[in-house]
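This report describes one protein chain for a reader who has not seen it before. Please look through the sequence and the structure before reading on.

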Amino acid sequence: MSEMAAPRSPARSSRGLSSPRGVLAKTAMTLLVLAVLWGFWEAYRWTWMRFGFGWPFVVDEITMPHLHDIVGALFERTNTGGPLLIDYLFHSAVFTAKEAIVGFVMGATFGFVLGAFVARFVVLQRGLMPYVVASQTIPILAVAPVVVVGLGSLTVFGWTPADWMRVSVIAAYLTFFPVTVNTVRGLQSADPAAVELMESYAAGEWAVFWKLRVPSALPYLFTAFRISATACVVGAIIGELPSSIQDGLGGAIINFNQYYALTPNFLWATNLIAAALGIVFFLAVVVAEKLFVHRPPELLA
């Protein structure tokens, strides 16, 4: 019986994760969800405008345009003789993505190192973690101007961080917390019996850390990375606001917000691209997780 059951789980996981049927099923489900959301948007809009409902807000062409008009705005020119909106927002998204990637790397690295120290020394877990948690209770809108403007006056050996680098610090600020918490949880999740076995073979603490604790923490780390992937994009966009950077999505949001009453679709389209950028970051982490995290077959079934 065990010989018959052994190959079943990998086969089932292969069908569910990598087979053409599985890919088609996921694609169809994604399209179905998008269609349902589209239908809900249009139905809500039609109902509120048809019967004149005013709660929670008045629905009209400015507050809630047609979704197809928002998508269509991407292929309109930003001004006479100017580029198409989709081209303009693509370059803005690339600029913001650069800030977010650097912030994600900095925040994830700092969060992992901090979590490793906290997991190793109990006194840090008791004395430091409350302050780590408290750091996330401060509104990001209050932190961003202080960090971005403050770092602008910082000079190290004649070098001052560029505007986009200071924005990356805000993205790192939103990244490090979930990584720190999940690093602590993941490193402490290693099987005590396995730790004891490695130590009985004279394995050093460094070897136990890299060969046992870190692999055990990978599922926890990638859970944090998925959360941070979208948070760092939000941090980058918010960080662009006080720095007056016009090259990113934050600058585009400020620009189109000034003309919202005339061209509301431009601002809605910018929000759509910002959401798409966050989804791309999230999917990149999901793909990396599938490559680096190898779960037992029984957990994939």
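## A buried arginine and its partner

R45 has a relative accessibility of 5% and therefore counts as buried (buried means under 20% relative accessible area, exposed over 50%, and partly exposed in between, with a 1.4 Å probe and protein chains only). E61, at 42% relative accessibility, counts as partly exposed. R45 and E61 form a salt bridge whose closest N and O atoms are 2.5 Å apart; a salt bridge is a side-chain nitrogen of Lys or Arg within 4 Å of a carboxyl oxygen of Asp or Glu. This pair links distant parts of the chain, with R45 in helix α3 (residues 20–51) and E61 in the loop between α3 and α4 (67–73), 16 residues apart.

## Basis of the model

The model is predicted: local features need pLDDT of at least 70, side-chain atom pairs count only at pLDDT 80 or more, and totals for chains, interfaces and linings use all residues. Residues are numbered from 1 along each chain as its sequence is written, and side-chain values use heavy atoms, with hydrogens and water left out.

## Overall build

The chain has 14 helices and 0 strands. Helices (H or I, at least four residues) and strands (E, at least two) are DSSP runs, numbered from the N terminus. Along the principal axes, the C-alpha atoms fill a box of roughly 75 × 65 × 40 Å.

Of the 301 residues in the chain, 36% are buried. Among contacts with a separation of 6 or more, 70% come from residues 24 or more positions apart, where contact means heavy atoms within 4.5 Å. The accessible surface is about 18000 Å², and carbon and sulfur atoms hold 71% of this surface. Accessible areas come from the Shrake-Rupley method with a 1.4 Å probe; for residues, only the protein chains shown count as cover.

## Charges and other salt bridges

There are 18 positive and 17 negative side chains, and the centres of the two sets lie 9 Å apart. Lys and Arg count as positive and Asp and Glu as negative, while His and the chain ends are not counted. The place of a charge is taken as NZ of Lys, CZ of Arg, CG of Asp or CD of Glu.

The structure holds 4 salt bridges. One of them joins E205 and R120, at 2.2 Å from N to O. E205 belongs to helix α11 (residues 205–243) and R120 to helix α5 (residues 85–120), so the pair links distant parts of the chain, 85 residues apart. R120 is partly exposed because its relative accessibility is 44%.

Another salt bridge pairs R166 with D163, the closest N and O atoms being 2.6 Å apart. Both residues lie in helix α9 (residues 163–187), 3 residues apart, about one turn of the helix. R166 counts as buried at 10% relative accessibility, whereas D163 counts as partly exposed at 36%.

## Nonpolar cores

A nonpolar core is a set of buried Ala, Val, Leu, Ile, Met, Phe, Trp, Tyr and Cys residues joined through side-chain atoms within 4.5 Å. Which members of the largest nonpolar core touch the most other members? Among its 48 residues, they are L85, L89, F225, L249 and F281. At least two residues of this core come from each of α3, α4, α5, α9, α11, α12 (249–258) and α13 (264–292). Helix α11 gives the most, with 12 residues.

Leaving aside neighbours within four places in sequence, L85 is in contact with A73, L74, E76, T78, F256, F266 and A269. A second, separate core has 16 residues, including V132, L174, F176 and A231.
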